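This report describes aromatic pairs, pockets and selected residues. The sequence and the structure follow.

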Amino acid sequence: GSGGSATSQQRWKEKVLEILAEIQAPLSLLLLRLCHWALLRLFSRLFFNVQVHQGQVEMVLRATRKAGVPLVFLSLHKSQLDGLLLSFVLFSQGLGVPRVTVGSQLCSPRLRALLSRLGGIFLPLRMEHLPSNQDQGLSEAVLTTYVEELLRSRQPLLIFLEEPPGTLHLSAAAQQWLSLVYQAVRDGTVPDVLLVPVGIAYDVVP
């Protein structure tokens, strides 16, 4: 709001920035280059080959150029490598570096900090441990605005529908991310989004 003293407004600003830092971190170009180099070597040792359906990739690229709307990829979770593998494949096919939703229950603080520099995004910690309804409302407002800006800037978003891998039911975190995307379209923040189901299969799950 417009009311309140300068000290009060500064305190709210600090809270907002603190919540935003829990959701994402600025992408590190150096880490992205190092990760790309390391993944090339990791995947070449781990897999005999990685097959991509080129016809479907071309269809998505054409639809993106024609519609001019943000891409939201939806995928089941088969292994802990899915986020890295799908990001690597999407980037190599010219679909950009996606922001990838990551389950906080799977991450230590150090891993969370690293993944957030590589494009991982998280639900705010405050939404799990909230001291007051006021803080809950602020966290939800920051998260809603973040997703709106993400879609408005047409950054690709990758949502895993289940956490942890292999549970075969829609997780609470996935429901929250999907509801935010739906809300952005419903409220007219973006005219539409292009939902792209992503199928991933392993001969042997790593």
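A helix here is a DSSP run (H or I) of at least four residues and a strand is a DSSP run (E) of at least two, both numbered from the N terminus. The model is a predicted one.

**The largest pocket**

The space in the largest pocket amounts to about 930 Å³. Its lining comprises 32 residues, and those closest to the centre are Val50, Gln51, Val52, Gly199 and Ile200.

**The second largest pocket**

In the second largest pocket there is about 670 Å³ of space. Its lining consists of 27 residues, with Gly83, Leu84, Ser87, Leu115 and Leu118 nearest the centre. Here helix 2, helix 4, strand 2 (99-101) and helix 5 (109-117) each give at least two residues to the lining. The table sets out the lining of each pocket by residue class.

| Pocket | Nonpolar | Polar | Charged |
|---|---|---|---|
| Largest pocket | 25 nonpolar residues | six polar residues | one charged residue |
| Second largest pocket | 16 nonpolar residues | nine polar residues | two charged residues |

**The aromatic pairs**

A pair of aromatic rings is described by the distance of the centres and the angle of the planes. Three aromatic pairs occur in the structure. In one of them, Phe43 and Phe47 have ring centres 5.8 Å apart and planes at 35°, so this pair is tilted. Phe43 is buried, its relative accessible area being 6%. Phe47 is also counted as buried, at 15% relative accessibility.

Why does the pair of Phe47 and Tyr202 count as stacked? Their ring centres lie 6.0 Å apart and their planes meet at 20°, and planes under 30 degrees apart count as stacked. Both Phe47 and Tyr202 are buried. Phe47 is located in the loop between helix 2 (29-46) and helix 3 (54-67), whereas Tyr202 is in the segment after strand 5 (194-198); the pair therefore ties together parts that are 155 residues apart in sequence. Through ring pairs, Phe43, Phe47, Phe88 and Tyr202 are linked into a cluster.

An arrangement of another kind involves Trp12: Lys15 lies over the face of this ring, at 4.9 Å from the ring centre.

**Two further residues**

Where does His169 lie? His169 is found in the loop between strand 4 (157-160) and helix 7 (172-186). When its neighbours within four places in sequence are set aside, His169 has contacts with Leu161 and Glu162. Between the C-alpha atoms of His169 and Cys107 there is a separation of 20 Å, the two residues being 62 residues apart along the chain.

Is Leu143 buried or exposed? Leu143 has a relative accessible area of 2%, and it is therefore buried, since buried means under 20% relative accessible area. Leu143 belongs to helix 6 (residues 133-152). The C-alpha atom of Leu143 is separated by 12 Å from that of Gln183, a residue 40 residues away along the chain.

Key: Residues numbered from 1 in each chain as written. Predicted model: local features only at pLDDT ≥ 70, side-chain atom pairs only at ≥ 80, totals over all residues. Heavy atoms only, no water. Phe/Tyr/Trp six-rings, centres within 6.5 Å; stacked < 30°, edge-to-face > 60°. Buried < 20%, exposed > 50% of the residue type's maximum accessible area, 1.4 Å probe, protein only. Lys NZ or Arg CZ within 6 Å of the ring centre and 35° of its normal. Contact = heavy atoms within 4.5 Å. 1 Å grid on protein atoms, 1.4 Å probe; cavity = no way out; pocket = protein on both sides within 12 Å on 5 of 7 lines; lining within 4 Å. Points joined across faces, edges and corners; volume = space filled by probe spheres on them. Nonpolar A, V, L, I, M, F, W, Y, C, P; charged D, E, K, R; others polar.
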